[in-house]
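I opened the file today and kept notes as I went. The entries below follow the order in which I looked things up.

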Amino acid sequence: MDQSDIERTVDENINGIKKLLGLEKWEIVFAYGEMDDDSFEASCLARVEYSEAVITIDPNHITDSKHLLRVLLHECCHCLTATFETYKFAVARLLLNDKKSFDAIDEMYSRANEEVVCGICHILEGIHWQKYCKK
Ligand SMILES: [Zn+2]
C-alpha cells in the first residue's frame with residue numbers, strides 16, 4: 001500500500017480508534033519505514049506516564065486499508081497494556097546481573113502482552129461485527 005494512502009487512512013481513523021479505546025488524551029505520533037526486525041509490520045513504543053506513543057508502520061507490509069485498520073487497532077491497544085511496562089522495568093532492575101533470567105522473563109512478558117492485545121482486538125472486532133449485523 002502506498003505510504004501517502006496509509007498516512008491519509010491513519011489520519012482519517014486515528015481519532016475514532018482513540019475514542020473507542022479511551023485514549024483521547026494520548027498523543028500518538030506516527031512514523032513510517034522498515035522495522036529493525038523485518039518480520040514485524042508495525043510497532044508501538046508507548047510511554048504511559050506521559051500518555052504518549054510512537055507507532056511505526058512499515059508500508060511494505062500493509063496490503064490494503066482493511067489490513068491497515070487492523071494493524072492500527074492492534075498497535076493502539078498496546079497503549080492500554082503499556083502500564084505493565086513498569087513491571088518489566090522493575091524486573092530488569094532486579095535482574096541487572098542476570099541477563100539470562102531477564103531475557104527469559106522478557107520473552108514471557110512479550111508473549112503475554114501480545115496475547116492480551118490480540119484478545120482485546122478480537123473482542124472489539126466481535127463487537128463491531130455484532131453492531132454491523134444489527135443494521
Ligand atoms: Zn503487538
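This is a predicted model: local features need pLDDT of at least 70, side-chain atom pairs count only at pLDDT 80 or more; totals for chains, interfaces and linings use all residues.

**Entry 1: the first helix**

**Entry 2: the whole chain**

I listed the elements next. The protein has four helices and three strands. Read from the N terminus, their order is α-β-β-β-α-α-α. I checked the extent of the C-alpha trace, which spans about 55 × 35 × 25 Å along its principal axes. Of the 135 residues, 15% count as buried. I also looked at contacts with a separation of 6 or more, and 68% of these join residues 24 or more positions apart.

**Entry 3: the sheet**

In what order do the three strands lie in the sheet? I read the order as β1-β3-β2, in an open sheet with mixed pairing. β1 (27-32) and β2 (42-47) each have a single partner strand and stand at the edges, so one side of each has no neighbour in the sheet. The average twist from one strand to the next is 15 degrees.

I wrote down a reminder: strands of a sheet pair through backbone hydrogen bonds, in either the parallel or the antiparallel sense.

I then took the two pairings in turn. β1 and β3 are parallel, with six bridges. On this side Val29 stands opposite Val54 in β3. β2 and β3 (residues 52-57) are antiparallel, also over six bridges. Here I found Ala42 opposite Ile57, Cys44 opposite Ile55, and Ala46 with Ala53 as its bridge partner. β2 and β3 form a hairpin with four residues between them. Ser51, in the turn, has a positive phi of about 50 degrees.

I repeated the length check on helix α2 (residues 65-81). Its 17 residues should span 24 Å at 1.5 Å a residue, and the end C-alpha atoms are 25 Å apart, which agrees. α2 lies across β2 and β3, and runs at about 25 degrees to β2. I listed its buried residues: Leu68, Val71, Leu72, Glu75, Cys76, Cys77, His78 and Cys79.

**Entry 4: the core**

I noted the general rule before looking: in soluble globular proteins, nonpolar side chains tend to be buried together.

Which residues have the most contacts inside the largest nonpolar core? They are Ile57, Val71 and Cys79, in a core of 17 residues. β2, β3 and α2 are the elements that give two or more residues to this core. The largest share, six residues, comes from α2. I followed Cys79 further. Setting aside residues up to four places away in sequence, Cys79 touches Leu23, Trp26, Cys44, Ala46 and Ala53.

**Entry 5: a loop residue**

Last I picked Gly33, which lies in the loop between β1 and β2. Is Gly33 buried or exposed? It has 10 C-beta neighbours inside 10 Å; a residue with 12 or fewer is exposed, so Gly33 counts as exposed. Apart from neighbours within four places in sequence, Gly33 is in contact with Thr56 and Asp58. I also looked at Gly33 and Ser4, which are 29 residues apart in sequence and 12 Å apart in space, C-alpha to C-alpha.

Key: Residues are numbered from 1 along each chain as its sequence is written. The expected span of a helix is 1.5 Å times one less than its number of residues. A residue is buried if 20 or more other C-beta atoms lie within 10 Å of its own, exposed if 12 or fewer, and partly exposed in between; C-beta atoms are placed from the backbone. Two strands pair if DSSP finds at least two bridges between them. Axes are lines fitted to C-alpha atoms, for helices over the stretch in contact, and angles run from 0 to 180 degrees between N-to-C directions. Two residues are in contact if their C-beta atoms, placed from the backbone, lie within 7 Å. A nonpolar core is a set of buried Ala, Val, Leu, Ile, Met, Phe, Trp, Tyr and Cys residues joined through C-beta atoms within 7 Å.
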